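Let's take a walk through this structure together. Have the sequence and the 3D view ready, and follow along part by part.

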Amino acid sequence: MINIAIMGHGVVGSGVAEILINHNDRIKNRVKQDINVKHILDLRDFNVAYSDKFTKDFNDILNDDSVSVVAEVMGGITPAYDFVKACLLKGKSVVTSNKELVAAKGAELIKIANEKNVSFLFEASVGGGIPVLRPISNCLAANEIDEIWGILNGTTNYILNKMIVDNMDFASALKLAQDLGFAERNPAADVEGHDACRKICILSALAYGKHVYPDQVKTEGITEITLDDVEYADNFGAVIKLIGHSKKVENGKIIASVRPTLVSRSHILAGVNGVFNAVVVNGDQTGEVAFYGKGAGKEATASAVVGDIIDCIKNQNNEKYLTWEDGSADYVDTRYSESSPLYVTLKGDDFAALKGEFSSVLSDICDSHIMNEYKNEIAFITKPNNESFVKDKLTALKTVNSYKILHTMF
Ligand code: HSE
């Protein structure tokens, strides 16, 4: 008999409990052992069929030697980090959906798990129900992966999609996402890009073998994206998506970013809509491989957590495969800048003067442009260029009150 504890009975935790309890026979057949949810840790009271399993005391789990697998689905760093570390040190395998925890403390927790010969698995932390971490580390193990792109946040993808398809402004689309339960009441982690940042950190650490810390990733959210940007992008044959990206560059370093990006309508990521996520990785043997599915939601995320629980039980004595080494301060090259087409908007009070300066100063770097006299705005796509070079040119302009630069995937 395998005894399991679940820490947290929120959206994901209740989904994990329901799968393990309501589909007990299915799981039992897969692991060829009886399984039992013995404890559920939560400070709140719940009126559910399995109310007898609840505890408010973490020590009931930690000190119960019959519990060999713990699912951490509380989220956040405190107290999740202390609880997970204590369970691993006690020789219990831990699975988690907590991207904040894995992005901040993954290397340390993996090391402890390896020393104790237990599992620390976190498939649900990236892409919700999409199997992506295990396939990267197992099925693509023959490859050298050198680049990753992803739509890694369902909430922002839903909001951008509403702006693109229904012409809804950012604030209204966010409100709708909150009303429908997709966005958190405090949506900052989603709309400011921090959630996607944690996910690109985890993917990069796994694919390249070294921890990437969230503060090493250039992160921008979608709060400055307007309906005008959406319309200009459409005219340039693109849609705006929040893209997590990382790539191996020179001297063993990588670059990593999360940015709103104009994605060509012909690119595979342009068709990823609503709360769906997708990850594309480039392997030297396979070329590009894409993973697609529901990036959030109770059942999809719980499915990944339970998949990890089954993995822990089936591979108790096998070598552990999800692993990477500690990061370092200079591993992510924050100054490296690639030359690529950029999307730029310029705003000024005097449109005739703005137009004149644009023609005289920027025509040599402009590939195509849109003049919006009504809004005193010019939008254009540059020829492939370095961002700092373009920024320097824009900063020197006299007729421009404000400008915006977005990256592109054409
Ligand atoms: N807030 C996250 C999202 C949940 O919108 O994608 C899944 O990690």
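What follows goes from the domains to the ligand, and then to a few local details.

First, some housekeeping. This is a predicted model, where local features need pLDDT of at least 70 and side-chain atom pairs count only at pLDDT 80 or more, while totals for chains, interfaces and linings use all residues. Residues are numbered from 1 along each chain as its sequence is written, and side-chain values use heavy atoms, with hydrogens and water left out.

Start with the overall layout. The chain splits into domain 1 (2-131 + 299-314), domain 2 (145-294) and domain 3 (342-409), with bounds that come from an automatic or database domain assignment. Taken over C-alpha atoms, the centres of domain 1 and domain 2 are 28 Å apart.

So what goes on between domain 1 and domain 2? Here 17 residues of domain 1 are in contact with 17 residues of domain 2, contact being heavy atoms within 4.5 Å. About 1,200 Å² is buried between the two, and carbon and sulfur atoms give 72% of that. Buried area here is the accessible area (1.4 Å probe) that two parts lose on being put together, summed over both. On the domain 1 side, A103, V126 and I130 lose the most area to domain 2, together 45% of what that side buries.

The interface of domain 1 and domain 2 has charged pairs too: the rule finds 2 salt bridges across it. A salt bridge is a side-chain nitrogen of Lys or Arg within 4 Å of a carboxyl oxygen of Asp or Glu. Look for R198 and E100, whose side chains meet in a salt bridge at 3.8 Å, N to O. Helix α5 (residues 99-115) gives the most to the side of domain 1 that touches domain 2, with 8 residues; helices here are DSSP runs (H or I, at least four residues) and strands are too (E, at least two), numbered from the N terminus.

Now turn to the ligand. Around it you'll find K99, N153, G154, T155, D190, D195, K199, G295 and A296, each with a heavy atom within 4 Å of it. A polar side-chain atom of K99 lies 2.5 Å from an oxygen atom of the ligand, and a backbone N or O atom of G154 is 2.7 Å from a ligand oxygen atom. D190 has a polar side-chain atom 2.9 Å from a nitrogen atom of the ligand.

Across the whole structure, a search finds 25 salt bridges. One of them joins D326 and K111 at 3.3 Å, N to O. D326 sits in the loop between α12 (298-314) and β13 (339-340) and K111 in helix α5, so the pair ties together parts that are 215 residues apart in sequence.

Finally, two backbone details. Most residues other than glycine have a negative phi, and most peptide bonds are trans. T78 and P79, however, are joined by a cis peptide bond, with omega about 5°; P79 is in the loop between β4 (67-72) and α4 (80-89). K32, a residue other than glycine, has a positive phi near 60°, and its place is the loop between α2 (24-31) and β2 (35-41).

Technical notes: Polar contact = N/O pair within 3.5 Å; in protein donor to acceptor, adjacent residues only side chain to side chain.
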